[in-house]
Amino acid sequence: MNSTEAKDERARGDTAGIGTHFGLDREDATLMVSLCSGLLQEAGIDGDRFLARLEQGDDLGAALGLPAELTEFLYARAHRWFTVDRIDRAEPLFRALCVLDGEVADYWIGLGICLRMRENLNAAALAFSTAALLRPQWAVPAFHAAELAVLAGDYGKAAIFLTRFRETADSTIPDRMAAEAARMTAALELRHTSTGSVR
């Protein structure tokens, strides 16, 4: 199919791939395509090529033609700002990474931690659950979700996440994280012993 045919097909509303990518129904996806095509052209981006790549399942960064080195650079910068407690600088970079390539669980963990530190607990929980969906056998999202549940006072949910953490933890888990998970588990067990409930 040439670019003219692809454009005509999208104009008729064949935007199922893009709709799935952004969680939109066909009508909203068609509207987004019509709005984005012109804006992308004005920005010097081949809108048809961009939209075609999204329909093929490419992430946003790849569809824009951004080099992989760019996301690696952004991630390194975000991590650097995070390690010096500059959450205000790290969070926007993690957020951009999640938009550019939403399939990388590490980006969602970084964003979630920043959100938790700003006490935006609901958004942090969503970020951690996204990471868990992307990497179901990775223990890290369960650890952070357990911390959130403790902060929210939902000890039953915290216990569930800590069990998931223990079941999926492997040698890649940092010692500090494993020690903190053990401490939370012991505190919940003590609470259960003294009250008869982890709720």
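Analyst: The buried residues of helix H9 are Ala124, Ala127, Phe128, Thr130 and Ala131. Their arc around the axis is only 155°, so they sit on the same side of H9. This is a predicted model. An α-helix has 3.6 residues a turn, so residues three or four places apart point the same way.

Now the other face. Turned away from the buried side of H9 are the exposed residues Asn122, Leu126 and Leu133.

Next, the length. H9 covers residues 121-134, which is 14 residues. From first C-alpha to last, H9 reaches 20 Å, close to the 20 Å expected at 1.5 Å a residue.

What covers the buried residues of H9? The cover includes helix H8 (105-117) and helix H10 (139-151).

Take H10. It has 13 residues, and 11 of them are buried, so H10 is largely enclosed by the rest of the structure. Among the buried ones are Pro141, Phe143, His144 and Glu147. The end C-alpha atoms of H10 are 19 Å apart, which agrees with the 18 Å that its residues should span. Just after H10, glycine 153 takes a positive phi of about 80°.

Beyond its neighbours within four places in sequence, glutamate 91 is in contact with Leu111, Cys114, Leu115 and Arg118.

Technical notes
Residues numbered from 1 in each chain as written. Predicted model: local features only at pLDDT ≥ 70, side-chain atom pairs only at ≥ 80, totals over all residues. Heavy atoms only, no water. Contact = heavy atoms within 4.5 Å. Helix = DSSP H or I, 4+ residues; strand = E, 2+ residues; numbered from the N terminus. Expected span 1.5 Å × (residues − 1). Buried < 20%, exposed > 50% of the residue type's maximum accessible area, 1.4 Å probe, protein only. Arc of directions from axis to C-beta.
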